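Opening the notebook on this one.

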Amino acid sequence: MTRAWPTALALLAVVCLCCAPLFVGLGGRDLGSDEAIYAYAVDRILDTGEWLTPRLIPYDGPNLEKPPLKLWMLAGAIHAGVLARDEVGLRLLDALFSSVAFVYVFWLGRRLAGPVCGLVAVLVLFTQERLLFEHGLRSMNMEAALFLAYCGGAYHFARW
């Protein structure tokens, strides 16, 4: 029973130090760069009801650049009233995906060398400014979902 305490404390540290800050200040800046493209696609889905093919700025043509699943998830959550139709609502799903990915990284590190390894692995990722801010995990683009898929896949493969 005492062996579970280090893991629980390290996981609590990951959640408090690395996951919780991802949710702070999501509405602090305007949508820019690719965020605006994906926000427009979500807005067009919600405004027109055309879910099959997301639309692209500036000519309202089809957005075939990336798979639309994340856009559908976001538009569905906004349509259902789970998320607000603002910057925070558009970025909240990405913060959630990033948090789950950090927990996967912790569990993978714990599996490899113990809870301290898992904590250090997440802290190293959390200190990478480009991963978090430059077209990264806190912005409304596809990187958080992709990062979650990689982390979850690596963890479940290692467990298998």
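I started with Asp 94, which is buried, at a relative accessible area of 0%. This is a predicted model, so I am reading computed values throughout.

**Who partners Asp 94?** I looked for a charged partner and found Lys 70: the two form a salt bridge, with the closest N and O atoms 3.2 Å apart. Asp 94 sits in helix α4 and Lys 70 in helix α3, so this pair ties together parts that are 24 residues apart in sequence. I checked Lys 70 as well, and it is buried, with a relative accessible area of 6%. Buried means under 20% here, so both partners qualify.

**How many salt bridges are there in the whole structure?** My search gave three. Next I went to Arg 85, which meets the side chain of Asp 47 in a salt bridge at 2.7 Å, N to O. That joins the loop between α3 and α4 to helix α2, across 38 residues. Arg 85 also forms a salt bridge with Asp 43, where the closest N and O atoms are 3.2 Å apart. Asp 43 is in helix α2 too, and 42 residues separate it from Arg 85. I noted Asp 43, Asp 47 and Arg 85 down as a network of salt bridges.

I then listed what Met 140 touches, skipping neighbours within four places in sequence. Its contacts include Val 42, Leu 71, Leu 74 and Leu 90, and also Lys 70 and Asp 94. Those last two are the salt-bridge pair I began with.

**Helix α7.** This helix covers residues 143-159 and reaches 24 Å from its first C-alpha to its last, close to what is expected. I marked its buried residues: Ala 144, Phe 147, Leu 148, Cys 151, Gly 152 and Tyr 155. Seen down the axis, they fall within an arc of 125°, so they line one face of α7. What covers them includes α4, α5 and α6. On the face turned away from the buried side I found two exposed aromatics, Tyr 150 and Phe 157.

Key: Residues numbered from 1 in each chain as written. Predicted model: local features only at pLDDT ≥ 70, side-chain atom pairs only at ≥ 80, totals over all residues. Heavy atoms only, no water. Helix = DSSP H or I, 4+ residues; strand = E, 2+ residues; numbered from the N terminus. Expected span 1.5 Å × (residues − 1). Buried < 20%, exposed > 50% of the residue type's maximum accessible area, 1.4 Å probe, protein only. Arc of directions from axis to C-beta. Contact = heavy atoms within 4.5 Å. Salt bridge = Lys/Arg side-chain N within 4 Å of Asp/Glu carboxyl O.
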